[in-house]
Amino acid sequence: MKMLYGERAQVSLEFILLVGGVLVGALTIFTLRDSIRNFSQVITDWVDAERNISIAQVTR
């Protein structure tokens, strides 16, 4: 019977750690969403600039 309680405690601890990890991950993504959006805009702008440079070189 003692072993059963130990396994239940371990499952409960694993569940708490799993839920905590999911919550921390979701909170991290939520707080960084503006940074991620800005970074994607920087990449888009850079790709646009490189494309315009390539077009200008080809059409000279």
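These exercises work through one predicted model.

Local features need pLDDT of at least 70, side-chain atom pairs count only at pLDDT 80 or more, and totals for chains, interfaces and linings use all residues. Residues are numbered from 1 along each chain as its sequence is written, and side-chain values use heavy atoms, without hydrogens and water.

**Exercise 1. Overall form**

Task: Find how many helices and strands the protein has, and set its radius of gyration beside that of a compact globule.

Solution: 
- Step 1. Count the elements. There is one helix and there are zero strands. Both are DSSP runs, numbered from the N terminus: helices are H or I with at least four residues, strands E with at least two. Helix H1 covers residues 2-58.
- Step 2. Take the radius of gyration, over C-alpha atoms; the globule rule is 2.2 Å times the number of residues to the power 0.38. For 60 residues, a compact globule would be near 10 Å, but the protein has 25 Å.
- Step 3. Look at the box. Along the principal axes, the C-alpha atoms fill roughly 85 × 20 × 5 Å.
- Step 4. Check one stretch of chain. Ser12 and Ile29 are 17 residues apart in sequence, and their C-alpha atoms are separated by 26 Å.

**Exercise 2. Cover**

Task: State what share of the residues is buried, then classify Ser12 and Val19.

Solution: 
- Step 1. Buried means under 20% relative accessible area, exposed over 50%, and partly exposed in between (1.4 Å probe, protein chains only).
- Step 2. Apply them. Buried residues make up 0% of the 60.
- Step 3. Classify. Ser12 has 41%, so Ser12 is partly exposed. Val19 has 33%, so Val19 is partly exposed too.

**Exercise 3. Salt bridges**

Task: Locate the salt bridges and give their N to O distances.

Solution: 
- Step 1. Recall the rule: a side-chain nitrogen of Lys or Arg lies within 4 Å of a carboxyl oxygen of Asp or Glu.
- Step 2. Search the whole structure. Two salt bridges turn up.
- Step 3. Take Asp34 and Arg37. Their closest N and O atoms are 3.0 Å apart. About one helical turn separates Asp34 and Arg37, because they are three residues apart in helix H1.
- Step 4. Take Arg51 and Asp48. Their N to O distance is 3.2 Å. Arg51 and Asp48 are also three residues apart in helix H1, so about one helical turn lies between them.
- Step 5. Arg51 is partly exposed at 45%, and Asp48 is partly exposed at 29%.
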